[in-house]
Amino acid sequence: MSSAEDLLRSRGLRVTRPRLAVLDVLADGGHLEVEEITRRVRARLDSVSTQAVYDVLGALSRAGLSRRIEPAGSPARYEARVGDNHHHVVCRGCGEIADIDCAVGETPCLDPDTAHGFEIDEAEVTFWGLCPSCRARRAADA
Ligand SMILES: [Zn+2]
Ligand SMILES: [Zn+2]
Ligand SMILES: [Zn+2]
């Protein structure tokens, strides 16, 4: 098991307490908004600004240690599950997000008929629908 310190060093990032705290928060899992990440980081460190958390998330994302997702109509979220090109299903009712494994596993997992000369490195696939609790609520309202 590599520690968070080793992880940062292996990507050429300096080890700092905010970076370790953000990695620790992301390791808990889920797709977290910056506000939530900041709240949890503050529970671990005495004080950290929202801007500092943004900076850390930017550095971690560029280094491939976190993944940023931004479903239409909702704020950016970050997760620690990286490198497997998984996709997301987003609830139209409440914004709940769940992971969906990519059938192909590598990016881009869709090949367009014509790429107009572009070298394509990503196909952004987002599934939209209603989560179980929103479906239940809708059924109860009907
Ligand atoms: Zn829902
Ligand atoms: Zn995910
Ligand atoms: Zn895929």
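The structure is a predicted model, in which local features need pLDDT of at least 70 and side-chain atom pairs count only at pLDDT 80 or more, while totals for chains, interfaces and linings use all residues. Residues are numbered from 1 along each chain as its sequence is written, chains are lettered from A and ligands numbered from 1 in the order in which they are written, and side-chain values use heavy atoms, with hydrogens and water left out. The protein has five helices and six strands; these are DSSP runs, with helices (H or I) of at least four residues and strands (E) of at least two, numbered from the N terminus. Of its 142 residues, 30% count as buried, where buried means under 20% relative accessible area, exposed over 50% and partly exposed in between, with a 1.4 Å probe and protein chains only.

**Overall architecture**

- Read from the N terminus, the elements follow the order α-α-β-α-α-β-β-β-β-β-α.
- A box of roughly 50 × 45 × 30 Å, taken along the principal axes, holds the C-alpha atoms of the protein.
- Ala52 belongs to helix α4 (residues 50-62) and is partly exposed, with a relative accessibility of 24%.
- Ala52 and Leu7 are 45 residues apart along the chain, and 20 Å separates their C-alpha atoms.

**Sheet**

- Three strands form an open sheet in the order β5-β4-β6, with mixed pairing; two strands pair if DSSP finds at least two bridges between them.
- β5 and β6 each have a single partner strand and stand at the edges, so one side of each has no neighbour in the sheet.
- On average, neighbouring strands of this sheet are turned by 25° against each other, direction ignored; the strand axes are lines fitted to C-alpha atoms, and angles run from 0 to 180 degrees between N-to-C directions.
- Four bridges join β4 and β6, which pair in the parallel sense.
- Val89 has Phe127 of β6 opposite it.

**Zinc site**

- His87 (NE2), Cys102 (SG) and Cys109 (SG) coordinate the zinc ion (ligand 3) at 2.0 to 2.2 Å.
- Donors are N, O and S atoms within 2.8 Å of the metal (3.2 Å for Na, K and Ca), and sites may look incomplete because water is not among the atoms.
- The sequence spacing of the donor residues is H-x14-C-x6-C.
- Distant parts of the chain are linked by His87 in strand β4 and Cys109 in the loop between β5 (97-100) and β6 (126-129), 22 residues apart.
- Both His87 and Cys109 are buried.

- The largest pocket holds about 410 Å³ of space.
- Arg67, Arg68, Ile69, Glu122 and Glu124 are the closest to its centre among the 20 residues that line the largest pocket.
- A pocket is an open set of points on a 1 Å grid over the protein atoms alone, where a 1.4 Å probe fits, with protein on both sides within 12 Å along at least five of seven lines; lining residues have an atom within 4 Å of a point.
- Grid points are joined across faces, edges and corners, and the volume is the space filled by probe spheres set on the points.
- The largest share of this lining, three residues, is given by β2.
- The lining of the largest pocket comprises five nonpolar, eight polar and seven charged residues; Ala, Val, Leu, Ile, Met, Phe, Trp, Tyr, Cys and Pro count as nonpolar, Asp, Glu, Lys and Arg as charged, and the others, Gly among them, as polar.
- The second largest pocket holds about 170 Å³, and its lining residues include Ala4, Leu7, Arg11 and Asp24.
- Helices α1 (4-10) and α2 (17-27) are the elements that give two or more residues to the lining of the second largest pocket, with α2 giving the most, four residues.
- Eight nonpolar, one polar and two charged residues make up the lining of the second largest pocket.

**Backbone features**

- Most residues other than glycine have a negative phi, and most peptide bonds are trans.
- Thr107 and Pro108 are joined by a cis peptide bond with omega about -10°, and Pro108 lies in the loop between β5 and β6.
- Asn85 is buried, at a relative accessible area of 14%.
- His116, in the loop between β5 and β6, also has a positive phi, near 55°.
- His116 is exposed, at 66% relative accessibility.
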